[in-house]
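Reader: Could you walk me through reading sheets and interfaces in a model like this one? I would like the general idea and then the case at hand.

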Amino acid sequence: MSEYKSGSNLEKVLRAGHFAFTGECGPPQGANVEHLREKAGHLKGCVDAVNVTDNQTAVVRMSSWAASLILLEEGLEPNFQMVCRDRNRLAIQSDILGAYSLGIRNMLCLSGDHQSFGNHPEAKNVFDIDSMQLIYTVKKMRDEGKFLNEQEVDVPPRLFVGAASNPFAEPFDFRVYRLAKKIAAGADFIQTQCIYNMDKFREFMRRAVDMGLHEKCHILAGVTPMKSVGMALYMAKQVPGMDVPDSLIKRLRGAGKGKVAEEGIKFALEQIETFKEMEGVAGVHLMAIEWEHKVPEIAERAGVLPRPSV
Amino acid sequence: MIVARQKPIEEIVEMTQAFHKLLVVGCKGCVTVCNVGGAKEVAILASALRISGKRNGREVVVGEHTLERQCDPEYVDELKDILEDYEAVVSIACGVGPQFIAERYPAVRVFPGVNTQFMGGAEEHGIWSERCAGCGTCVVHYFGGVCPIARCSKSLLNGPCGGSNNGKCEISNDVDCIWDIIVTRMMEQGRLKELIEFKPPKSWATARDGGPRRMIREELVE
């Protein structure tokens, strides 16, 4: 086996062929370090890496690199998320260097939700480069040791490069090609949007496997357990690019009072079982939004514990 | 054309309330075409200002004049004698107009009567939309004749993002996902291969990011 690109735990787990299990943690809307430590604490030992979101839904939060460092202190491996909305290429490249220098080894490259969603809709956005070009930038800095302007990087940052893929957004036929494009640009791993429509995802993966994409990149399937019928309806109607089948909403409704959350978890567990067997799927990315304390239980019941140590 | 929208009349009244002799100046260029700053709109705004003055018990004299173009000193010169009778100008040209007038007549107070919106065109009568961001390096031929810089909310060159929703943009169901249109058109044209090609980071040096722009064509300069 060739040398690691970053030597991150996530990279080692995936390269060793284990079924990866990653989590997610949103930084606080303030400097509430204790709350962040508490949330992160639930994930410890349950996941291979934790995504630290970057002003997600365009709401101001503690910076993702800073929260990533706090997770590092807690003994968790962060997957530092970066969006193109808030930084130009100068800030992007300098933050990449800073994050790597302080011990961050995974980075997820995203365009970012438009600021009109968030709590500062009057803001000016940047989008100097897009997520595809961000992937290219990190790879270029790492593998060529060069900045975007071709100048040499004095000690290149060795990061494991991640990207997102939404198999459900339109136009569906192009989605697998866009995934291919991200992989060609330099993505080492992919975390997909939350999956609810299993048939559609199966079709997406079939196409990805046909193109051999799973051999060039580790694809992690996104799972977010539904906590309530309200959440399912919100996801179905309000969240762009989300595909929540009516059958799932019906199933949650049918669970009866006080049992919807458990039904949501059951569905998530069934999904994880399916993903374990699905060709081309290298792991699961569990986004238990503000439900971090449930992660140990979900991981246990999903049979993914203990996490491998490579 | 440059598309503009009239400022609310209350705002125009408020910003000009210290003046009693106003000249409303229109432009026969873009703003006439988009029905916001031509001779007709000059007349309407002037009469609205007169009525408002009367209602507030103020004696306001409002003149009307429409220039061939406000973005050309040759035509702005035309105001020289007319302006002697006025204290202030309300220009209803795009943002270029009030600046050219203020530059030519530094002693005169100039107010903008419209909010300049974008460079675009008329989809149909009464509906305009943005088409160009003036980035200084046109790339529409790479994208099926569509500009993602002006028309994608995130100016993505390697779209569509994950927020594309049944042909609509994540910011609003009233906004088309331009990348949906680009992909559909390119695939119909059998240009998938081009679409999969990575578009490297763009140089914004020719755009406004490179600083205020000026163009000199030596062969035209006397």
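**Sheets, then the interface**

Author: Happy to! Let us start with one pair of residues: B:R5 stands opposite B:N115, which belongs to strand 6 of chain B. Please keep in mind that this is a predicted model.

Reader: Thanks. How many bridges join strand 1 of chain B to strand 6 of chain B, and which way do the two run?

Author: The general idea is that strands of a sheet pair through backbone hydrogen bonds, either parallel or antiparallel. Here, five bridges link strand 1 of chain B with strand 6 (residues 114-124), and the two run antiparallel.

Reader: In what order do the strands of that open sheet in chain B come?

Author: The order is 1-6-7, three strands with antiparallel pairing. Strand 1 (2-6) and strand 7 (127-132) of chain B are at the edges with a single partner strand each, so one side of each has no neighbour in the sheet. On average, neighbouring strands in this sheet are turned by 70 degrees against each other, direction ignored.

Reader: And what do the eight strands of chain A form?

Author: In chain A they make a closed barrel, running 1-2-3-4-5-6-7-8 with parallel pairing. Its neighbouring strands are turned by 30 degrees against each other on average, again ignoring direction. For a close look, take strand 4 (residues 106-110) and strand 5 (residues 160-165) of chain A: they run parallel and are joined by four bridges. Within strand 5 of chain A, A:V161 is the residue that A:M107 stands opposite.

Reader: Which strands of chain A does helix 5 of chain A lie across?

Author: Helix 5 of chain A lies across strand 3 (78-83), strand 4 and strand 5, at about 150 degrees to strand 4 of chain A.

Reader: Now the interface. How much area do chain A and chain B bury between them?

Author: The size of an interface is often given as the accessible area lost when the parts come together. For chain A and chain B that is about 2,400 Å², with 60% of it on carbon and sulfur atoms. A:Q133, A:F174 and A:K181 supply 23% of what chain A buries against chain B, more than any other three residues. Each chain brings 29 residues to the contact.

Reader: How many salt bridges and how many residue pairs in polar contact are found across the interface of chain A and chain B?

Author: There are zero salt bridges, but 18 residue pairs are in polar contact, both partners at pLDDT 80 or more. On chain A's side, helix 5 (131-144) and helix 6 (172-185) each supply at least two residues. Helix 6 of chain A gives the largest share, seven residues. By type, the chain A side that touches chain B divides into twelve nonpolar, eight polar and nine charged residues.

Conventions:
Residues are numbered from 1 along each chain as its sequence is written. Chains are lettered from A and ligands numbered from 1 in the order in which they are written. This is a predicted model: local features need pLDDT of at least 70, side-chain atom pairs count only at pLDDT 80 or more; totals for chains, interfaces and linings use all residues. Side-chain values use heavy atoms; hydrogens and water are left out. Contact means heavy atoms within 4.5 Å. Buried area is the accessible area (1.4 Å probe) that two parts lose on being put together, summed over both. A salt bridge is a side-chain nitrogen of Lys or Arg within 4 Å of a carboxyl oxygen of Asp or Glu. A polar contact is a pair of N or O atoms within 3.5 Å; within protein, one must be able to donate a hydrogen and the other to accept it, and residues adjacent in sequence count only if both atoms are side-chain atoms. Ala, Val, Leu, Ile, Met, Phe, Trp, Tyr, Cys and Pro count as nonpolar, Asp, Glu, Lys and Arg as charged, and the others, Gly among them, as polar. Two strands pair if DSSP finds at least two bridges between them. Axes are lines fitted to C-alpha atoms, for helices over the stretch in contact, and angles run from 0 to 180 degrees between N-to-C directions.
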